[in-house]
Amino acid sequence: MDNDVSAGSSTSSTLGQLALGLTLLAFGLGHADVIDGVTAADAVTLALWVGGAALFITGLLEFRAGNGFNGTAFAGLGAFWFTWGRAAGVDASAEASGLFLLLFALLALTLTLGAASGGRLTQAVYGLLFVSLVLLGIGQFAGNDGLTQVGGWAGALSGAAAWYSATAALANWPTALPGRAANRGVTVSG
């Protein structure tokens, strides 16, 4: 690759959001136990290659393009998905699994706080991911299937938001959530 050619772009950001969205949807719906016979374990291959490898590579492209936030988000979450996918089926204690999820919840919290300038939709993606990982982690520690299902739903909602973000970028749909204008109804007098 020629060093004068930028390797990252809004296209790689869109690809990263799409990979994150699809992986989170599969992961979340599997934990939520929505579809009979489909579990989170069924998302392992998708987590390894789309959420893990593709997202990690997209993160590296974002770093190269100078986008530190997306680079951190995609490479960090790519590492999460790859590790989660490789550990599937490995005999680990509930405490070890819960700790793994809670540690990566810290990454999701960091991304939520760092996304403040990126807009509400981006914050919603990472905020819902944070909630999902916390609930799944606590559910592992407590052996509570109800918390696991709610955590799965939060993950699926996060995935839907990431998917929408990517689709909106490609289809030129709106991504700003409606809200009050900052100075609506305020009169400034001098």
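This is a predicted model: local features need pLDDT of at least 70, side-chain atom pairs count only at pLDDT 80 or more; totals for chains, interfaces and linings use all residues.
Me: What share of the protein chain counts as buried?
Reply: 39% of its 190 residues. Buried means under 20% relative accessible area, exposed means over 50%, and partly exposed is in between, using a 1.4 Å probe and protein chains only.

Me: What about contacts between residues at least 24 apart?
Reply: Take the contacts between residues at least 6 apart in sequence: 71% of them join residues at least 24 apart. A contact is heavy atoms within 4.5 Å.

Me: OK, helix pairs. At what angle do α1 and α5 cross?
Reply: Roughly 30°, with the axes of α1 (residues 10-32) and α5 (residues 120-142) coming within 12 Å. Axes are lines fitted to C-alpha atoms, for helices over the stretch in contact, and angles run from 0 to 180 degrees between N-to-C directions.

Me: Is that crossing left-handed or right-handed?
Reply: Left-handed. That label applies if the near helix is turned anticlockwise from the far one by less than a right angle; clockwise would be right-handed.

Me: Which residues of α1 and α5 meet?
Reply: From α1 there are Gln 17, Leu 20, Leu 24, Phe 27 and His 31, and they meet Val 125, Tyr 126, Leu 129, Ser 132 and Leu 136 of α5. Seven of these contact residues are nonpolar, three are polar and none is charged. Ala, Val, Leu, Ile, Met, Phe, Trp, Tyr, Cys and Pro count as nonpolar, Asp, Glu, Lys and Arg as charged, and the others, Gly among them, as polar.

Me: Tell me about Ser 132. Is it buried or exposed?
Reply: Ser 132 counts as buried because its relative accessibility is 0%. Leaving aside neighbours within four places in sequence, Ser 132 is in contact with Phe 27, Gly 151, Ala 154 and Gly 155.

Me: What does its side chain reach?
Reply: The backbone nitrogen of Gly 155, at 3.4 Å. That is a polar contact: a pair of N or O atoms within 3.5 Å where, within protein, one must be able to donate a hydrogen and the other to accept it, and residues adjacent in sequence count only if both atoms are side-chain atoms.

Me: Where is Gly 155, then?
Reply: Gly 155 is in helix α6, and at 0% relative accessibility Gly 155 is buried. Beyond neighbours within four places, Gly 155 touches Leu 24, Gly 28 and Ser 132.

Me: How far does α6 reach from its first C-alpha to its last?
Reply: α6 (residues 145-171) has 27 residues and reaches 38 Å, close to the expected 39 Å. The expected span is 1.5 Å times one less than the number of residues.

Me: Switching to α3. What caps its N-terminal end?
Reply: Asn 67, through a side-chain oxygen 3.3 Å from the backbone nitrogen of Phe 69. Just after α3, Gly 89 takes a positive phi of about 85°.

Me: What do the buried residues of α3 pack against?
Reply: They pack against α1, α2, α4 (94-114) and α5. Among those buried residues are Phe 74, Phe 80, Trp 81 and Trp 84.

Me: Last one: what does Thr 58 touch?
Reply: Not counting residues up to four places away, Thr 58 touches Ser 12, Leu 15, Gly 16 and Phe 74. Thr 58 is in helix α2 (residues 44-64) and counts as buried at 3% relative accessibility.

Conventions:
Residues are numbered from 1 along each chain as its sequence is written. Side-chain values use heavy atoms; hydrogens and water are left out. Helices (H or I, at least four residues) and strands (E, at least two) are DSSP runs, numbered from the N terminus.
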